[in-house]
Amino acid sequence: MKTNISHFSRVALAVALTAVISLGASLPALAADTATSWVTLGTNSGPIPNPQRSEPANLLRSGDQIILVDSGEGAPWQLAKAGVAIGDVQTIIISHLHFDHTSGLFAFLSLRYQGINIEPFTIYGPPGTKQTVASLLDAMKPMGEMKSGMWAWFTTQPEDLVKVIELKGGDTFDVGKVKVTAVVNSHFTLEPGSPEAAKFLSFSYRFDAPDRSIVYTGDTGPSAAVEKLAANADLFVSEIMDPEIAWAKIEKSRPLPIYMKGPILALARNSVLTHFRNEHLSPTEVGELAARAKVKELVLTHNALPDENIENAGKEISVNYKGKFTFANDLDKF
């Protein structure tokens with residue numbers, strides 16, 4: 001005799017099964033403290049894997065809101081280390097679509113679905129975020145369509161659980177009691193008015209919570225828009241890069257192809273250094289920006305500096321910025 005399972009029963013069973021699954025991989029209890037906090041889940045810079053730093057990702061908690069800001073590779077595991085299950089995240093906010101900031105999205109989407117987390121969530125990001133997420137959901141279909149065995153009762157599709165909202169520069173939106181403001185920064189220096197400039201946007205964000213304000217640059221070069229966004233912020237979370245040191249690191253960690261010699265190598269070096277100088281922030285530029293914006297505290301992440309260069313970079317920052325600043329490591333809390 002064939003048994004029909006109602007939608008309500010499926011949902012109830014999903015909730016029960018999720019609870020059972022959670023018992024097998026329990027995380028520390030979420031703190032009762034409702035104060036706004038920022039955790040640097042991943043502090044690496046760029047796409048070259050670093051054994052000491054995970055790819056860019058951050059955790060913003062304020063009241064009952066749990067927000068993932070950027071989702072570099074390993075973000076779900078870094079969340080677990082911070083005591084947060086991926087099913088508890090209600091919102092993801094992406095600064096830009098470079099892969100070091102988005103490569104953890106597939107793991108987040110697929111593992112959340114496989115763990116039968118049935119609560120919908122929202123992803124905010126620049127133009128192209130919808131296409132990115134849709135493509136990742138397509139990659140989930142071969143397994144998502146399995147409806148036998150333990151999946152026989154589970155009819156929800158991955159796309160039913162995620163909403164994607166693409167932003168424009170100047171947009172504001174609320175996540176619970178947190179007001180979020182997005183501005184276009186200078187990480188993509190494209191010809192103004194060109195089709196590429198309209199299509200490829202990189203955002204910096206300001207999070208105004210009831211108890212404090214936090215500004216996150218994402219990847220950016222010097223930017224009057226970011227300076228204005230960060231004015232008088234309680235916490236300013238900024239990227240940092242030394243172009244010459246970063247290029248030397250590339251040459252050391254990535255043996256160049258045999259044809260990369262002479263004029264070709266010079267052209268490649270000049271192109272990469274131009275990108276680093278115009279579309280990222282040197283220690284001096286970080287200090288200048290933080291000082292002009294009069295931020296109360298500065299946190300450095302997306303850090304490409306070797307340990308032996310940290311002290312000197314701090315001295316360069318302090319020439320202009322006299323407030324407290326910290327070079328963050330993975331899982332630091334502010």
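These are my notebook entries on a predicted model of one protein chain.

**Entry 1: the whole chain**

I began with the overall counts. The protein chain holds eleven helices and 14 strands. Of its 334 residues, 48% are buried. I then looked at contacts between residues at least 6 apart in sequence, and 69% of these join residues at least 24 apart.

**Entry 2: helix 4 against helix 5**

Next I turned to a pair of packed helices. As a reminder to myself, such a pair is described by the angle between the two axes and the distance between them. Helix 4 covers residues 105–114 and helix 5 covers residues 129–144; their axes lie 10 Å apart, at an angle of about 40°. That angle makes helix 4 oblique to helix 5. I also noted the hand of the crossing between helix 4 and helix 5, which is right-handed.

Which residues of helix 4 and helix 5 meet? From helix 4 I listed L105, F106, L109, S110 and Y113, and across from them in helix 5 I listed V133, L136, A139, M140 and G144. Sorted by class, this contact of helix 4 with helix 5 has eight nonpolar residues, two polar ones and no charged ones.

**Entry 3: helix 5 on its own**

I stayed with helix 5 and checked its span. Its 16 residues reach 21 Å from the first C-alpha to the last, close to the 22 Å expected at 1.5 Å a residue. Then I asked which residues of helix 5 are buried. They are T129, V133, L136, L137, M140 and G144. What covers the buried residues of helix 5? The cover includes helix 4, strand 5 (121–125) and strand 6 (162–166).

**Entry 4: helix 10 against helix 11**

I looked up a second pair for my notes. Helix 10 (residues 283–293) packs on helix 11 (residues 307–318) at about 35°, and their axes are 7 Å apart. The crossing of helix 10 and helix 11 is right-handed. Helix 10 brings P283, T284 and G287 to the contact, while helix 11 brings A313, E316 and I317. By class, I wrote down three nonpolar residues, two polar and one charged for the contact of helix 10 with helix 11.

**Entry 5: T217, in a loop**

I went to T217, which sits in the loop between strand 10 (213–216) and helix 7 (224–229). Is T217 buried or exposed? Its relative accessibility is 0%, so T217 counts as buried. Leaving out residues up to four places away in sequence, I found T217 touching N185, F203, S204, V226, F236, V237, S238 and E239.

Most residues other than glycine have a negative phi.

I placed N232 in the loop between helix 7 and strand 11 (235–240). With 45% relative accessibility, N232 counts as partly exposed.

At 5% relative accessibility, H302 counts as buried, because the cut-off for buried is under 20%.

**Entry 6: Q78 in helix 2**

I picked Q78, found in helix 2 (residues 75–81). Its relative accessible area is 5%, so Q78 is buried. Not counting residues up to four places away in sequence, Q78 touches L41, S54, D330 and L331.

**Entry 7: R277 in helix 9**

I finished with R277, which I found in helix 9 (residues 262–279). R277 is partly exposed, with a relative accessible area of 40%. From R277 to D242 I counted 35 residues in sequence and 8.2 Å in space, C-alpha to C-alpha. With residues up to four places away in sequence set aside, R277 touches P222, P243, E244 and E285.

Methods: Residues numbered from 1 in each chain as written. Predicted model: local features only at pLDDT ≥ 70, side-chain atom pairs only at ≥ 80, totals over all residues. Heavy atoms only, no water. Axes fitted to C-alpha atoms, helices over the stretch in contact; angles between N-to-C directions. Helix = DSSP H or I, 4+ residues; strand = E, 2+ residues; numbered from the N terminus. Parallel < 35°, antiparallel > 145°, perpendicular 65-115°, else oblique. Left-handed = near helix turned anticlockwise from the far one by under 90°. Contact = heavy atoms within 4.5 Å. Nonpolar A, V, L, I, M, F, W, Y, C, P; charged D, E, K, R; others polar. Expected span 1.5 Å × (residues − 1). Buried < 20%, exposed > 50% of the residue type's maximum accessible area, 1.4 Å probe, protein only.
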